[in-house]
Amino acid sequence: MKAKDAVRGLLEKLPDDCTMEDVLYHLYVLRSIDRGLADADAGRTISHEEVAERMRRKWVLGAPEFCTGGATSIDGGVAV
């Protein structure tokens, strides 16, 4: 889907009294989903077990680095 088509579709779904912040938030969500799907298609994912292990290291063991071997993007996706 082209960007303009996605924006038009989004604007049609939002209520007439939505704010600019509402529009920007929903665009952000759509972009985040697109990036996540692209990462998954490219094989840039980690298993549930690896996420659980990273969380355990961070919160239970107090490890200083959460994403050893990977980086977390600003929109919450995990790149490895």
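This is a predicted model: local features need pLDDT of at least 70, side-chain atom pairs count only at pLDDT 80 or more; totals for chains, interfaces and linings use all residues.
Q: Nice. Where does V51 lie?
A: V51 belongs to helix α3, which covers residues 48–60.

Q: And is V51 buried, partly exposed or exposed?
A: Partly exposed: its relative accessible area is 35%. That value lies between the 20% and 50% cut-offs, so V51 counts as neither buried nor exposed.

Q: What span should α3 have, and how far apart are its ends?
A: With 13 residues at 1.5 Å a residue, α3 should span 18 Å. The C-alpha atoms at its ends are 17 Å apart, which agrees with that expectation.

Q: What comes just after α3, in terms of backbone angles?
A: G62 is found there, and it takes a positive phi of about 70 degrees.

Q: Let's zoom out. How many helices and strands does the protein chain have?
A: There are three helices and two strands. Starting at the N terminus, the order is α-α-α-β-β.

Q: How much of the protein chain is buried?
A: Of its 80 residues, 10% count as buried.

Q: Last topic: what share of the contacts is between residues 24 or more positions apart?
A: Among contacts with a separation of 6 or more in the protein chain, such pairs account for 27%.

How values were computed
Residues are numbered from 1 along each chain as its sequence is written. Side-chain values use heavy atoms; hydrogens and water are left out. Helices (H or I, at least four residues) and strands (E, at least two) are DSSP runs, numbered from the N terminus. Buried means under 20% relative accessible area, exposed over 50%, partly exposed in between (1.4 Å probe, protein chains only). Contact means heavy atoms within 4.5 Å. The expected span of a helix is 1.5 Å times one less than its number of residues.
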